[in-house]
Amino acid sequence: TYIVQLTVTGLGGCTSIKQTPILIKGPTGTFIYDPITGCNPQRVNFSAKTSEVSSILWDFNNGTTISTTDSTITHTYTYPGFYLPKIILTNKEGCSVPIRGLDSISIYGVTAHFDFLNKALCDSGYVQFNDSSLSNDLITSYNWNFGDHNISSVKNPVHYYKANGLYKPYLKITTQFGCVDSIAAPFPVKIVASPQIDMVTSSNG
C-alpha cells in the first residue's frame, strides 16, 4: 500500500493537504539459482519464494519457458553463453509480475578441432598440426597424442614420424573453467615405404 499526498498552497500561503492510499495488488516473490557458472551441459537448480501466486512462468533466457505451480525446478543449459533468467508470477486474479534474476548464468564450452596436410610421406617426415578449436573460455591445456607413443602440449606442434605406418593423431583440450573436449583425426597420417629398386646386370661373353 502506498500513500499519495497532494499539497496545495494558496496565494495567501494557506495550504491544504490531501492523502489517498493506493493498494497495488499482485503476487510477490524472489528466486535464487545455483550454480551460476559451469561447462555445457550444465544443470542449474532454481528455487522461488512467493506469496499469493497461482502459477510461475520460468524463463531461462535461452528460448525455453516452463509454466508450473512448483517453486523449485531444474534446467539444463546445453549451449555456451550468458543467460539472465526471470520468473513471471501470476495470481488468481490474473495479475502478473515479472522478476529478473540478479546474476547472469555463465555457461562455458569448448569444441576441439584440428587439421593437417593429408598427404602420404615416404619413409619418414615432419607433419604440421594446426589447432582450430572453438571456445568462449580461455583454453589452458593442449594434449596431443600423435599415435606413435609421442605426445605434446604445444598449441600447433610439428611432429617427426620416423617409421612406416598409419598413425591416428588425437587432441584433448581443457579450458580455464575445466571444460574438456577431445577429437581424433578422421584420417590417419600415412608414412609409406619408398619403393626398392634392384638392378641386375649380366655379361655375355
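These are my notebook entries on what I looked up in this predicted model.

**Ground rules**

I number residues from 1 along each chain as its sequence is written, and I keep to heavy atoms for side-chain values, with hydrogens and water left out. Since the model is predicted, I ask for pLDDT of at least 70 for local features and count side-chain atom pairs only at pLDDT 80 or more, whereas totals for chains, interfaces and linings use all residues.

**Entry: the disulfide**

I looked for disulfides, taken as pairs of cysteine sulfur atoms within 2.5 Å, and the count comes to one. The partners are Cys39 and Cys179, with their sulfur atoms 2.0 Å apart, and I noted the link as left-handed, with -95° about the S-S bond. The pair joins distant parts of the chain, 140 residues apart, with Cys39 in strand S4 (residues 37-39) and Cys179 in the loop between strand S23 (170-175) and strand S24 (180-184).

Cys39 and Cys179 are both buried, whereas Cys14 is exposed, at a relative accessible area of 63%.

**Entry: the nonpolar cores**

I next traced the nonpolar cores, each a set of buried Ala, Val, Leu, Ile, Met, Phe, Trp, Tyr and Cys residues joined through side-chain atoms within 4.5 Å. The largest one holds 20 residues, and those that touch the most other members are Phe114, Phe116, Phe129, Trp144, Tyr161, Ile173 and Val189. Strand S19 (139-145), S23 and strand S25 (189-192) each give at least two residues to this core, and S19 has the largest share, with three residues. I also recorded a second, separate core of 16 residues, including Phe31, Phe46, Ile56 and Ile105. As background, nonpolar side chains tend to be buried together in soluble globular proteins.

I followed Phe129 through its contacts, meaning heavy atoms within 4.5 Å. Not counting residues up to four places away in sequence, Phe129 touches several residues, among them Phe114, Phe116, Trp144, Tyr161 and Val189, and also Asp115, Asn156 and His159.

I turned to Gln128, which lies in strand S16 (residues 125-128) and is partly exposed, with a relative accessible area of 35%. Leaving out residues up to four places away in sequence, I list its contacts as Asp115, Phe116, Leu117, Asn156, Pro157 and Val158. From C-alpha to C-alpha, Gln128 and Asp115 are 8.7 Å apart in space, and they are 13 residues apart in sequence.

Tyr83 sits in strand S9 (residues 81-83) and is buried, with a relative accessible area of 11%. Apart from neighbours within four places in sequence, Tyr83 is in contact with Phe60, Asn61, Asn62, Tyr77, Asp103, Ser104, Ile105 and Ile107. I also noted that Tyr83 and Ala48, 35 residues apart in sequence, lie 18 Å apart in space, C-alpha to C-alpha.

**Entry: backbone checks**

Most residues other than glycine have a negative phi, and most peptide bonds are trans. Against that background I found the peptide bond from Asp34 to Pro35 to be cis, with omega near -5°, and Pro35 falls in the loop between strand S3 (28-34) and S4. A cis peptide bond also joins Asn40 and Pro41, with omega about -5°, and Pro41 belongs to the loop between S4 and strand S5 (42-51).

I then looked at phi. Glu52, not a glycine, has a positive phi of about 60°; Glu52 is in the loop between S5 and strand S6 (55-59) and is exposed, with a relative accessible area of 60%. Asn61, not a glycine either, has a positive phi of about 70°; Asn61 is in the loop between S6 and strand S7 (65-68) and is partly exposed, at 39% relative accessible area.

Conventions
Helix = DSSP H or I, 4+ residues; strand = E, 2+ residues; numbered from the N terminus. Buried < 20%, exposed > 50% of the residue type's maximum accessible area, 1.4 Å probe, protein only.
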